[in-house]
Amino acid sequence: MTMTSDSMSGPAAPAGSDGLEVAAALFHGLSDPSRLAILQHLTLGEHRVRDLTEHLGLAQSTVSAHLACLRDCGLVMSRPQGRASMFSLTSAPELLGVLDAAQRLLAVSGYAVALCPNYGVGTEGNPAPERLCTHAGQEAGA
């Protein structure tokens with residue numbers, strides 16, 4: 001899929017959206033390692049919050065907050081089972097396709113994003129365009 005405004009927009013795109021903003025929101029929803037771990041674990045099937053906390057070693061409040069984010073993003077759904085909720089992926093094949101493509105892209109780029117001064121490992125936040133950094137020895141826009 002080529003990511004262009006024409007291919008990203010469509011009946012599901014919000015009015016006034018150029019589609020790229022929606023794609024960026026999706027990637028932002030995937031941008032937390034804990035959310036990725038939860039999604040990866042849900043590829044194995046339905047789980048309760050308690051199951052996820054035990055398997056991933058995360059606090060219950062952390063798992064619940066990330067599941068709420070993922071549900072709001074339309075990536076997971078839940079169904080009641082007794083007093084608990086069972087969480088599952090809304091669209092496992094498409095999500096697995098995105099995650100597989102990301103792994104391939106990371107491999108062919110030599111995992112260079114890890115060293116990115118703006119978004120690499122250990123950086124925080126989302127810098128404003130005027131505050132974007134360049135790698136040492138590179139000019140902006142090069």
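Which residues of helix 3 (residues 33–42) are buried? The views below answer this for a predicted model, in which local features need pLDDT of at least 70, side-chain atom pairs count only at pLDDT 80 or more, and totals for chains, interfaces and linings use all residues. Residues are numbered from 1 along each chain as its sequence is written, and side-chain values use heavy atoms, without hydrogens or water.

**View 1. The buried side of helix 3.** Ser-34, Arg-35, Ile-38, Leu-39, His-41 and Leu-42 are buried (under 20% relative accessible area, 1.4 Å probe, protein chains only; exposed is over 50%, partly exposed in between). They cover an arc of only 165 degrees around the axis, which puts them on the same side of helix 3. The arc is taken from the directions from the helix axis to the C-beta atoms. Helices are DSSP runs of H or I, at least four residues; strands are E runs of at least two, and both are numbered from the N terminus. Exposed Pro-33 and Gln-40 sit on the face turned away from the buried side.

**View 2. Ile-38 and the largest nonpolar core.** This core has 14 residues. Such a core joins buried Ala, Val, Leu, Ile, Met, Phe, Trp, Tyr and Cys residues through side-chain atoms within 4.5 Å. Ile-38, Leu-39, Leu-42, Leu-67 and Val-76 touch the most other members. Helix 3, helix 4, helix 5 and strand 2 each give two or more residues. Beyond four places in sequence, Ile-38 touches Leu-52, Leu-56, Val-63, His-66, Leu-67 and Leu-70 (contact: heavy atoms within 4.5 Å).

**View 3. His-41 in helix 3.** His-41 is buried, at 14% relative accessible area. Leaving aside neighbours within four places in sequence, His-41 contacts His-47, Leu-52, His-55 and Leu-56.
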